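Dear colleague,

Please find below the sequence and structure for your review. A short account of the findings follows.

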Amino acid sequence: MKFTSNIEVFDVDIPLLTKCFKVELKRLQTKRCEVEFKTEKDSIVFNLKATDSVALRASLNGITKLITTFEKASEV
């Protein structure tokens, strides 16, 4: 089976969030899951393509962990 997922994140500081993900993009790429993202005017859109559900879940967790860290750091 093939799995795909799209995540769209809206934030006021898109350029800074984009910088964070550019650094982490290589770590998110695996043989079993391809991760791409593009920046739009007021959001970042992540596109994931995985060969299995475990790989998809792992990549989604990696993305959401970084978003959570960014969100908490922004509050401080």
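The C-alpha trace spans about 40 × 25 × 15 Å along its principal axes.

Please note that this is a predicted model, in which local features need pLDDT of at least 70 and side-chain atom pairs count only at pLDDT 80 or more, while totals for chains, interfaces and linings use all residues. Residues are numbered from 1 along each chain as its sequence is written, and side-chain values use heavy atoms, with hydrogens and water left out.

The protein contains 2 helices and 3 strands, in the sequence pattern β-α-β-β-α (DSSP runs numbered from the N terminus: helices are H or I, at least four residues; strands are E, at least two). Of the 76 residues, 33% are buried (under 20% relative accessible area; exposed is over 50%, partly exposed in between; 1.4 Å probe, protein chains only). Among contacts (heavy atoms within 4.5 Å) between residues at least 6 apart in sequence, 61% join residues at least 24 apart.

Thr 4 belongs to strand S1 (residues 3-10) and is exposed, its relative accessible area being 64%. Leaving aside residues up to four places away in sequence, Thr 4 touches Leu 48 and Lys 49. The C-alpha atoms of Thr 4 and Ser 53 are separated by 9.4 Å, although these residues are 49 apart along the chain.

Yours sincerely
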